[in-house]
Amino acid sequence: MGLLLKIFTPLLGLALAFYFYSAPENFSEEMLQGKRVIVTGASSGIGEQMAYHLARMEAHLLLTARTEAKLQKVVEQCLKLGAASARYVSGSMEDATFPEVVVREAENTWGGLDMLILNHIGFSYFNYFNGDVGHVRKLMEINFLSYVAMTTSALPMLKESEGSIVVVSSLAGKTGSPFVAPYSATKFALDGFFSSLRHEFIIDKVNVSITLCILGYIDTENAVRAVSHAIRDTPAPKEECALEIIKSGVLRQRELRYPSWAMGSLLLLKEIAPDFLDSLIRSNYKVENIRR
């Protein structure tokens, strides 16, 4: 957010420098060569771009999403780009049995798994909460419970390979924003569950990493169509976002914030000036363009 940076850059420079400090990056594409990777929500947007990056890195890919025709095209492109192998399973995460179907396909095909990238979401409106509890329940099934189910099914293979779980979340899962209450609830749930699970892995000496990806506004077709009329921000590129997600998982980072400066600034503000952050978030919306 431009206004945020103009006001707070002079005041928060030292604090942000400390907040953003991380070890030098040591990612190389060879780290993915021959790795067995599941990517959900892979027919479009960030998931599709992750599939293409992984294909160039010569990974084995199992892709899943609702739309079979789109998945077929993504798989064809992945094979052209150099994937060690690429296949798909189409279906809806509304079906409580589908997560296990996907993981079983990986087990039957590869006999193991190195990385589970959980990226899918269900459709949710961008508007004032209308009291539809059924919609919240359905979204929790797709955006949260299916993540838990896939992780549960994949965990024996990930323990064996000492692999990685990558959970694609959102700023809306760290701090509240207007017009996305059901979506935000599911993303907060992901943070709570996977952060708790990380503790248990450490206690039990389970060498499976969990990376939570906190994303801002990304220029996917669905996101731009849903919110561009009401948000003042410029979306960040999905191609770069997808690559950063992959890097963070391979390097077994605890958390990715993308775009890093904007997300880091907002999350720091949440800790030191939450009321100001709330007012800043509200000012970023063209409320007059939201129709009840």
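Helix 9 and helix 10 are oblique to each other, a class for angles that are neither under 35 degrees (roughly parallel), nor over 145 (roughly antiparallel), nor 65 to 115 (roughly perpendicular). This is a predicted model, in which local features need pLDDT of at least 70 and side-chain atom pairs count only at pLDDT 80 or more, while totals for chains, interfaces and linings use all residues. Residues are numbered from 1 along each chain as its sequence is written, and side-chain values use heavy atoms, with hydrogens and water left out.

**Helix 9 with helix 10**
- Helix 9 (residues 260–272) and helix 10 pack at an angle of about 135°, and their axes are 6 Å apart.
- The contact (heavy atoms within 4.5 Å) joins Leu266, Leu269, Lys270 and Ile272 of helix 9 to Pro274, Phe276, Leu277 and Leu280 of helix 10.

**The two sides of helix 10**
- In helix 10 (residues 274–283), Leu277, Leu280 and Ile281 are the buried residues, where buried means under 20% relative accessible area and exposed over 50%, with a 1.4 Å probe and protein chains only.
- Viewed down the axis of helix 10, the buried residues fall within an arc of 100°, so they line one face of the helix.
- Asp275 and Arg282, on the other side of helix 10, are exposed.

**Helix 2 with helix 3**
- Helix 2 (residues 45–56) and helix 3 (residues 68–81) pack at an angle of about 25°, with 8 Å between their axes, which makes helix 2 roughly parallel to helix 3.
- Their contact involves Glu48, Ala51, Tyr52, Ala55 and Arg56 of helix 2, together with Val74, Gln77, Cys78 and Leu81 of helix 3.

Terms used. Helices (H or I, at least four residues) and strands (E, at least two) are DSSP runs, numbered from the N terminus. The arc is that of the directions from the helix axis to the C-beta atoms. Axes are lines fitted to C-alpha atoms, for helices over the stretch in contact, and angles run from 0 to 180 degrees between N-to-C directions.
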